[in-house]
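Student: Could you take me closely through the sheet of this model, and through the side chains that sit on it or beside it? I would like one connected account, with the cut-offs stated as you go.

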Amino acid sequence: MKLMDLVTGIQHIGIPTNDLAATKEFYMDLGFELVYETINEKANEPVAFLQAGDILIETYENKKAAMARGSIDNIAMSVLDI
């Protein structure tokens with residue numbers, strides 16, 4: 001069995017930021033809605049999930065973001081079985 005036989009879609013895209021408030025505002029201006037906020041206690045980083053239709057973005061303030069186009073930290077896939 002190949003990996004792509006198990007993948008059913010993209011779960012979320014992880015985007016680091018140095019300014020969570022500005023990042024949330026940017027995506028909300030594009031039509032995304034804030035669906036969840038939390039703190040990653042292990043890293044002490046604020047995290048926000050924003051959604052537009054089937055697109056879910058996880059953005060988190062780590063003060064280490066490259067601040068360059070295409071700076072995506074992770075793409076999480078939905079799968080049938082891990």
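Tutor: The five strands form an open sheet in the order β2-β3-β4-β1-β5, with mixed pairing, where strands are DSSP runs of E with at least two residues and helices are DSSP runs of H or I with at least four, both numbered from the N terminus, and where two strands pair if DSSP finds at least two bridges between them. This is a predicted model, in which local features need pLDDT of at least 70 and side-chain atom pairs count only at pLDDT 80 or more, while totals for chains, interfaces and linings use all residues. Residues are numbered from 1 along each chain as its sequence is written, and side-chain values use heavy atoms, with hydrogens and water left out.

β2 and β5 (74-79) stand at the edges with a single partner strand each, so one side of each is left without a neighbour in the sheet. On average, and with direction ignored, neighbouring strands are turned by 20 degrees against each other; axes here are lines fitted to C-alpha atoms, for helices over the stretch in contact, and angles run from 0 to 180 degrees between N-to-C directions. Helix α1 lies across β1, β2, β3 and β4, and runs at about 0 degrees to β3.

Strands of a sheet pair through backbone hydrogen bonds, either parallel or antiparallel. β1 and strand β4 (residues 55-61) pair in the parallel sense over five bridges, and Ile15 has Thr59 in β4 as its bridge partner. Thr17 belongs to strand β1 (residues 7-17), and its relative accessibility of 5% counts as buried, a term that means under 20% relative accessible area, with exposed over 50% and partly exposed in between (1.4 Å probe, protein chains only). Leaving aside neighbours within four places in sequence, Thr17 is in contact (heavy atoms within 4.5 Å) with Thr23, Thr59, Tyr60, Glu61, Asn62, Lys63 and Ala65. The side chain of Thr17 also reaches the backbone nitrogen of Asp19 at 3.1 Å.

Two residues from that contact list, Glu61 and Lys63, have side chains that meet in a salt bridge at 3.2 Å, N to O; the term requires a side-chain nitrogen of Lys or Arg within 4 Å of a carboxyl oxygen of Asp or Glu. Glu61 is buried at 18% relative accessible area, whereas Lys63 is exposed at 58%. The whole structure holds two salt bridges, and one of them joins the side chains of Glu37 and Lys24 at 2.6 Å, N to O. Glu37 lies in strand β2 and Lys24 in helix α1 (residues 20-29), so this pair ties together parts that are 13 residues apart in sequence. Here Glu37 is partly exposed at 41%, while Lys24 is buried at 17%.

Turning to the rings, those of Phe, Tyr and Trp (its six-membered ring) pair if their centres lie within 6.5 Å, planes under 30 degrees apart being stacked, over 60 edge-to-face and the rest tilted. The count by this rule is three aromatic pairs. In one of them, Phe26 and Tyr27 have ring centres 5.0 Å apart and planes at 85 degrees, so the pair is edge-to-face. Tyr36 and Phe49 have centres 6.2 Å apart and planes at 45 degrees, so their pair is tilted. That pair links distant parts of the chain, Tyr36 being in strand β2 (residues 33-40) and Phe49 in strand β3 (residues 45-52), 13 residues apart. Tyr36 is partly exposed at 48%, but Phe49 is buried at 17%.

Note on methods:
A polar contact is a pair of N or O atoms within 3.5 Å; within protein, one must be able to donate a hydrogen and the other to accept it, and residues adjacent in sequence count only if both atoms are side-chain atoms.
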